[in-house]
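Have the viewer open as you read.

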Amino acid sequence: MLTRRDRANGLAASPSLATRLMWLAAIGWPLLAFGAYAGASWRAAWQDSEAELARSAEASSEFAQRLLDGLLLHADLAQLLVAHLPDAEIRAQAPALGAALREVVTRRQPPGLLHLAVQDGAGALLVSDEAPVPADGPWGPPAADPAAPGSQWLGRVGPPGPEGRILVARRRVPQGLVIAALGGQAVQAGLDRLAHGGMGEVITLWHQDGQVLARSGSRTVPGHAPGDLSARQAVPGWPAFVTVERSRAAILVQWRDAALTHLAYGSPALLALLLLSLAARRRGRALARANQALAQGIAADKASHLRAGRQQAELLASMREVIYALDSDFRFAFVSRRALEVWQRPEAQLLGRPFLEVFPQATHSLAFQVQAEAMAERRETHLCIVSPVIGHWIEVDIYPREGGGVIVAFRDIEQLRAAQRQKGAAERRLRLATAAGRLGTFVLDLPRGTVTRSGRAVPEGPGLPIRDLPLEAWIQRVHPEDRAAVQLAVAEVASGQRQDYQIEYRIRRSDELPWQVIESHAVVTDRDPVSGRALLLVGVSRDVTEDRAAEARQRLMAREVDHRAKNALAVVQSVLRLTPRQDAAAFAQAVEGRVAALARAHTALAEARWQSAALRAVAEAELSAFQPSGGAARVILAGPELALAPEAVQALSMTLHELATNAAKHGALSTPEGRLRLSWSLEPDPERLVLEWREEGGPRLAGPPARRGFGSRLVRTTVEHQLGGRVEHVWAEDGLVCRITVPLARIRPRRGVTLPPD
């Protein structure tokens with residue numbers, strides 16, 4: 001049995017609990033601290049990688065946008081060179097156009113990187129910057145042809161790498177494509193500069209349909225593995241996006257190296273800090289609070305600087321041409337390389353020198369005055385003006401600088417202005433030609449189902465806008481009898497059963513207006529490349545209402561000739577019967593005068609087809625034969641002066657003649673006691689002519705006639721169909737009352753229009 005002394009000696013020999021806790025703390029606490037640090041540093045490494053990939057994706061998206069915008073700009077420049085040139089002329093001028101394209105592509109790029117080409121509607125190469133023009137070209141037909149003039153297309157030819165090319169195509173007017181192609185090595189070099197190669201980072205430019213357009217590095221990257229980190233950013237304004245990928249293994253290697261380094265050099269320091277932490281705990285808390293406040297201030301300043309830098313980068317990226325900066329004393333503080341090329345001066349002759357000392361020709365110019373005002377008022381300015389330095393039209397943007405001065409960016413738009421002038425002149429010639437031919441133009445977009453027209457044939461009205469009018473709304477305005485034929489013609493052209501569109505139909509802008517007869521001719525200008533269905537229909541329309549009305553009048557006149565000959569005999573008989581017979585000489589003279597008046601009425605009717613005539617003159621010509629030479633007047637005319645159009649002269653002459661003939665046969669003019677009063681008036685709302693034929697003193701009437709003769713039908717047809725008016729008959733016992741109402745717009749002569757005689 002152990003004694004108390006032995007137990008005491010044993011306890012003295014074994015480590016105490018405090019010692020064990022101290023050793024455990026000395027060994028375990030650093031390990032625990034290092035484990036916590038390793039976990040935190042792994043999360044920090046992963047978050048840092050995510051942030052770096054997001055920044056890389058944003059920078060790569062901006063790079064891709066600038067790259068594609070630059071290709072599109074070159075395509076637009078090529079478009080200006082061949083605008084409105086037919087394919088045959090482009091082939092004929094291929095050497096000159098190819099030289100112009102080479103000048104465009106080598107202006108800012110080394111030869112061989114950028115290429116421009118023009119294709120016809122069938123995809124055949126017309127001209128390119130490469131000489132001689134390749135038989136097939138390095139382009140290949142695009143995967144999808146832009147559907148509308150001015151639309152753009154993005155694609156790739158060849159493998160995604162230095163051997164391939166990125167294509168940007170613009171729809172050419174009237175057909176074909178203008179293509180800009182950039183070599184894959186230039187795109188890959190730009191992506192390589194943005195990628196963190198040491199981290200195994202890969203940047204890929206994708207088309208939105210999944211096609212790889214370009215990729216950094218020369219190796220083939222396997223598919224995205226589980227656990228790998230990636231970021232994606234869309235390219236603004238383009239059907240493309242950018243992905244940046246970094247493998248989990250690369251992040252793990254980065255974290256491992258950092259952790260081992262800290263483990264090797266930080267363990268003693270960590271142990272010392274742990275021993276000192278108890279004494280400096282209070283001071284550490286105060287220092288942590290101070291550090292937190294300082295970190296927040298630094299982060300805010302950094303964010304502000306990043307925003308300012310991003311704004312400046314966006315500004316410089318948007319200014320693709322000449323850029324220079326002036327300080328508050330108008331001295332050059334910065335000059336871009338493009339400015340040196342345009343001004344043909346070395347940088348040493350510009351920096352630090354006053355603007356007017358370098359370019360004295362700008363003194364008192366509007367361009368320099370605008371710069372001075374923008375600097376004084378600290379405001380942004382945009383304008384187009386003729387440069388006093390290069391003598392061309394330029395588009396200028398002026399921005400105030402921090403600390404004073406301005407940043408000026410401009411580009412030469414002389415060629416663009418010339419192209420706009422040519423386009424405007426062509427449009428004016430087209431408008432004059434269509435106006436001279438009294439033609440209206442229209443464009444029918446079959447996929448959208450809309451109609452855009454010039455408005456000359458059918459002007460704009462309620463529910464009938466000039467642009468983007470729904471096709472169904474247009475068809476609803478067509479006459480019900482013609483509606484099915486119009487729908488069938490459009491459907492047959494859309495399905496390819498008919499090659500062109502030719503139809504004549506009636507339409508009106510509102511229910512209050514008369515029907516117009518429209519003759520339309522159109523051709524298909526765009527078809528779907530796969531199905532062959534028509535997409536765009538372009539044509540002309542002509543208002544043939546007057547032509548068809550003239551044809552109807554001619555047919556009516558053919559029947560009138562026969563009827564009028566019979567009526568003339570009845571009128572002569574009435575004249576002979578009503579003329580006094582006591583004096584043979586007076587009798588003969590009166591008969592001759594009234595027959596001559598009847599002849600003058602026929603002559604006035606023939607002449608009135610080609611010039612205006614007064615309503616009173618027309619009435620007098622028709623009714624003077626019934627006016628006695630002496631005694632009380634049998635025919636009374638009352639109404640204001642009113643000029644009639646040729647069509648109205650003919651129609652009203654026929655109407656009055658039929659009414660007079662009927663009165664001479666059966667009405668008031670058939671008896672000596674009969675009287676006739678013809679009056680007319682103008683009503684303002686709506687504007688119309690109201691003409692009243694009132695017979696008195698003739699045979700008593702028992703009511704309407706049992707049968708309506710040709711004369712009555714002719715009167716109604718003439719007034720309603722030719723004049724768009726209305727006829728009312730009142731068969732009063734004392735005599736016939738005929739009330740005729742006609743819109744003034746249908747009978748007034750048109751100003752400045754004189755038709756030639758037959």
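This is a predicted model: local features need pLDDT of at least 70, side-chain atom pairs count only at pLDDT 80 or more; totals for chains, interfaces and linings use all residues.

**Helix H4**

H4 runs over residues 94–105, so to speak a twelve-residue helix. From first C-alpha to last, H4 reaches 16 Å, close to the 16 Å expected at 1.5 Å a residue. Its buried residues are Ala 94, Leu 97, Gly 98, Leu 101, Val 104 and Val 105. They sit on the same side of H4 because they cover an arc of only 115° around the axis. On the face turned away from that buried side, you'll find Pro 95, Ala 96 and Glu 103, which are exposed.

**The nonpolar cores**

Which residues have the most contacts inside the largest nonpolar core? They are Leu 68, Leu 71, Ile 90, Leu 154, Ile 166, Leu 205 and Val 235, in a core of 47 residues. If you click on Ile 166, its contacts include Leu 68, Leu 71, Leu 154 and Leu 205, with residues up to four places away in sequence left out. Ile 166 also touches Gly 155, Ala 180, Ala 181, Leu 182, Val 187, Leu 213 and Ala 214. There's a second, separate core too: it has 34 residues, among them Ala 619, Ala 664, Leu 676 and Leu 678.

**The largest cavity**

The structure holds two cavities of 30 Å³ or more. The largest has a volume of about 210 Å³. Its lining is made up of 22 residues, and Phe 442, Val 451, Trp 474, Tyr 505 and Ser 541 lie nearest its centre.

S15 provides the largest share of the lining, at four residues.

**Arg 498**

Where does Arg 498 lie? It's in the loop between H13 and S18. Arg 498 counts as partly exposed because its relative accessibility is 23%. Setting aside neighbours within four places in sequence, Arg 498 is in contact with Ala 489, Glu 492 and Val 493. Val 524 is 26 residues away from Arg 498 along the chain, and their C-alpha atoms are separated by 9.8 Å.

Methods: Residues are numbered from 1 along each chain as its sequence is written. Side-chain values use heavy atoms; hydrogens and water are left out. Helices (H or I, at least four residues) and strands (E, at least two) are DSSP runs, numbered from the N terminus. The expected span of a helix is 1.5 Å times one less than its number of residues. Buried means under 20% relative accessible area, exposed over 50%, partly exposed in between (1.4 Å probe, protein chains only). The arc is that of the directions from the helix axis to the C-beta atoms. A nonpolar core is a set of buried Ala, Val, Leu, Ile, Met, Phe, Trp, Tyr and Cys residues joined through side-chain atoms within 4.5 Å. Contact means heavy atoms within 4.5 Å. On a 1 Å grid over the protein atoms alone, a cavity is a set of points where a 1.4 Å probe fits but cannot get out, and a pocket is an open set with protein on both sides within 12 Å along at least five of seven lines; lining residues have an atom within 4 Å of a point. Grid points are joined across faces, edges and corners, and a volume is the space filled by probe spheres set on the points.
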